[in-house]
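Here is a short report on one protein model. Look over the sequence and the fold before reading on.

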Amino acid sequence: MGKPNRERAINMARITKSKGKTAPLDELANLLGIEAEFKDARGKLQRTSAETKRALLTAMGISVANEQQIERSLKEIVESDWQRALQPVCVVFKNGGPVRVQITVPSETAGIAWSLRLEEGEETAGRVSVSDLPLLESREIAGETLERRELSLTGDVPCGYHRLKIDPG
């Protein structure tokens with residue numbers, strides 16, 4: 001499989017441990033934002049066929065010719081996501097509460113420093129103990145235990161395009 005486009009927005013919120021077994025093709029399609037069903041022009045609910053999922057995934061540069069390729073592609077994309085400290089894009093809706101961002105750090109990380117550069121150029125920063133952050137999930141990737149935690153940014157974050165940086169240690 002070719003490297004997935006790093007600019008592609010992967011809906012990682014859809015990667016969860018499910019109670020039921022999902023077919024790898026369906027899981028891969030769901031992960032990359034291909035809907036399992038949709039309403040057609042007449043308002044009738046249609047299921048997305050396996051053939052359509054394969055065609056769309058192939059157009060995205062994902063190898064899906066057989067089950068082994070599908071499982072390998074799925075594993076590579078999930079592991080790639082877990083090895084990224086922050087998602088490339090995080091959409092936050094203004095609801096009056098703190099901005100919450102998922103971060104991924106090695107399990108032995110004691111603390112992180114963060115800085116948020118606002119669209120207008122103003123910067124806010126903080127430091128937090130990783131053990132104080134809610135643990136969302138952990139996973140072993142390439143022999144290293146990684147933890148996905150939730151970082152709450154303090155202060156008022158206005159609407160706009162901002163840059164968040166984290167520095168473990």
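What share of contacts between residues at least 6 apart in sequence join residues at least 24 apart? The share is 59%, with contact meaning heavy atoms within 4.5 Å.

## Basis of the model

The model is predicted; local features need pLDDT of at least 70, side-chain atom pairs count only at pLDDT 80 or more, and totals for chains, interfaces and linings use all residues. Residues are numbered from 1 along each chain as its sequence is written, and side-chain values use heavy atoms, leaving out hydrogens and water.

## Overall make-up

The protein has three helices and eight strands. These are DSSP runs, numbered from the N terminus: helices are H or I with at least four residues, strands E with at least two. Along the sequence the pattern reads α-β-β-α-α-β-β-β-β-β-β.

Of the 169 residues, 31% are buried. Buried means under 20% relative accessible area, exposed over 50%, and partly exposed in between (1.4 Å probe, protein chains only). The exposed surface comes to about 11,000 Å², by the Shrake-Rupley method with a 1.4 Å probe. Carbon and sulfur atoms supply 49% of that area.

## The three-stranded sheet

Strands S3, S7 and S6 form an open antiparallel sheet, in the order S3-S7-S6. Two strands pair if DSSP finds at least two bridges between them. S3 (99-106) and S6 (135-141) are the edge strands, each pairing on one side only. Neighbouring strands are turned by 25° against each other on average, direction ignored. Axes here are lines fitted to C-alpha atoms, for helices over the stretch in contact; angles run from 0 to 180 degrees between N-to-C directions.

Eight bridges join S3 to S7 (residues 144-153). Helix H3 (residues 67-82) lies across S3, S6 and S7, and runs at about 120° to S6.

Not counting residues up to four places away in sequence, Glu-147 touches residues including Trp-82, Ile-103, Val-130 and Glu-137.

## Thr-48 in a loop

Thr-48 lies in the loop between strand S2 (45-47) and helix H2 (50-59). Thr-48 counts as buried, because its relative accessibility is 10%. A polar atom of the Thr-48 side chain lies 2.7 Å from the backbone oxygen of Glu-35. Beyond four places in sequence, Thr-48 touches Ile-34, Phe-38 and Lys-53, among others.

Key:
Polar contact = N/O pair within 3.5 Å; in protein donor to acceptor, adjacent residues only side chain to side chain.
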